[in-house]
Amino acid sequence: VQLQASGGGLVQAGGSLRLSCAASRRISSPDTFGWYRQAPGKQRESVAIMPSDYADSVKGRFTISRDNAKNTLYLQMTSLKSKDTAVYYCNARVSSSGVLYTYWGRGTQVTVSS
């Protein structure tokens, strides 16, 4: 599975961005599809996993969604804060013949200026 993330950029605090992640094929349950982020000097953390598993820090501000026809995952981010600054990665975990495979897209930088 190949994942291509896009949509990052520089935004002021309080602003919005939408990230996209195009997958080379459909990712459907029980496989998982979601977003992670890694801030400088910190470990990578889960942000949002389909269908609606959110980190506490983003609940009420971020929304994860998908377009099955396009094999694309989205992350709508609103009310952005400086602490949301990080490289955002899309992630898919796919089970095949009893083996779990993990795929990462190339990250996209999100920078929130205060």
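**Disulfide and aromatic contacts**

Q: Is cysteine 21 buried or exposed?
A: In this predicted model, cysteine 21 counts as buried, because its relative accessibility is 0%.

Q: Which residue does cysteine 21 bond to?
A: Cysteine 21 is joined to cysteine 90 by a disulfide, with an S to S distance of 2.2 Å. The pair links distant parts of the chain, since cysteine 21 belongs to strand β3 and cysteine 90 to strand β9, 69 residues apart.

Q: How many disulfides does the structure hold?
A: The structure holds one disulfide. The link of cysteine 21 and cysteine 90 is right-handed, with 60° about the S-S bond.

Q: Changing topic, how many aromatic pairs are there?
A: There are two aromatic pairs. One of them is edge-to-face and is formed by tyrosine 36 and tryptophan 104, at 5.0 Å centre to centre with 75° between the planes. Tyrosine 36 is in strand β4 and tryptophan 104 in strand β10, so this pair ties together parts 68 residues apart in sequence.

Q: And why is the pair of tyrosine 89 and tryptophan 104 edge-to-face?
A: The planes of tyrosine 89 and tryptophan 104 stand at 85°, and over 60 degrees counts as edge-to-face. Their ring centres are 6.3 Å apart.

Q: Which residues form the aromatic cluster?
A: Tyr36, Tyr89 and Trp104 form one cluster.

Q: Where does the charged end of arginine 44 sit?
A: The charged end of arginine 44 sits over the ring of tryptophan 104, 4.5 Å from its centre. Arginine 44 also lies over the face of tyrosine 89, 3.7 Å from the ring centre.

Notes:
Residues are numbered from 1 along each chain as its sequence is written. This is a predicted model: local features need pLDDT of at least 70, side-chain atom pairs count only at pLDDT 80 or more; totals for chains, interfaces and linings use all residues. Side-chain values use heavy atoms; hydrogens and water are left out. A disulfide is a pair of cysteine sulfur atoms within 2.5 Å. Helices (H or I, at least four residues) and strands (E, at least two) are DSSP runs, numbered from the N terminus. Buried means under 20% relative accessible area, exposed over 50%, partly exposed in between (1.4 Å probe, protein chains only). Rings of Phe, Tyr and Trp (its six-membered ring) pair if their centres lie within 6.5 Å; planes under 30 degrees apart count as stacked, over 60 as edge-to-face and the rest as tilted. A charge sits over a ring if NZ of Lys or CZ of Arg is within 6 Å of the ring centre and within 35 degrees of the ring normal.
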